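Hi everyone, thanks for having me. I'd like to walk you through a structure today, one piece at a time. Here it is on the screen.

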Amino acid sequence: MIEILSGICLVSGGLLGVIGGLGMHRFTDFYSRQHAAGITDVLCAFLILFGLALLAGFTLPSFKLLLIFMFLFFTSPAASHAVANAAMHAGLKPASSDKGSQS
């Protein structure tokens, strides 16, 4: 049963990573791409690391996987915010949402 749940978590995390990559490719401006990367990054990492921890059982490797997740949980959103903030200060403007209504 644990192997099945672990497999579901690993496959779900992989699919979420692929969907996030497609979102980064399909969105038009930098900020939308940054949002797609930031949202899928933490959940994808959680699902993959949780699936691996289930396979490892209650051992030292699963504790290390938990520490890796905690590091990613706190640093990934902060890094995404820092990159978006640096882009804003550098003068990169968000794409206008009313491009189709220009006369």
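Let's start with Tyr31: is this residue buried or exposed? Tyr31 has a relative accessible area of 17%, and buried means under 20%, so Tyr31 counts as buried. Please keep in mind that we are looking at a predicted model.

Where does Tyr31 sit? You'll find Tyr31 in helix 2. And what does Tyr31 touch, once we set aside neighbours within four places in sequence? Its contacts are Ala84, Ala87, Met88, Leu92, Lys93 and Pro94. Take Pro94 from that list: Tyr31 and Pro94 are separated by 63 residues in sequence, yet their C-alpha atoms are 6.5 Å apart in space.

Now stay on helix 2 and look at Gln34, which belongs to that helix too. Gln34 has a relative accessibility of 17%, and therefore it is counted as buried. Not counting residues up to four places away in sequence, Gln34 is in touch with Ser80, Val83 and Ala84.

For contrast, move over to helix 1, where Val11 lies. Val11 has a relative accessible area of 53%. The cut-off for exposed is over 50%, so Val11 is exposed. Val11 and Met70 are 59 residues apart in sequence, and from C-alpha to C-alpha they are 21 Å apart.

Last stop: which residues make up the largest nonpolar core? There are five of them: Val42, Leu49, Ala53, Leu65 and Phe69. Helix 2, residues 30-56, and helix 3, residues 60-89, are the elements that each supply two or more residues to this core. The biggest share comes from helix 2, with three residues.

Let's finish on Phe69, one of the core residues. Beyond its neighbours within four places in sequence, Phe69 is in contact with Val42, Phe46 and Leu49. Val42 and Leu49 are also members of that core.

Technical notes: Residues numbered from 1 in each chain as written. Predicted model: local features only at pLDDT ≥ 70, side-chain atom pairs only at ≥ 80, totals over all residues. Heavy atoms only, no water. Core = buried A, V, L, I, M, F, W, Y, C linked by side-chain atoms within 4.5 Å. Buried < 20%, exposed > 50% of the residue type's maximum accessible area, 1.4 Å probe, protein only. Helix = DSSP H or I, 4+ residues; strand = E, 2+ residues; numbered from the N terminus. Contact = heavy atoms within 4.5 Å.
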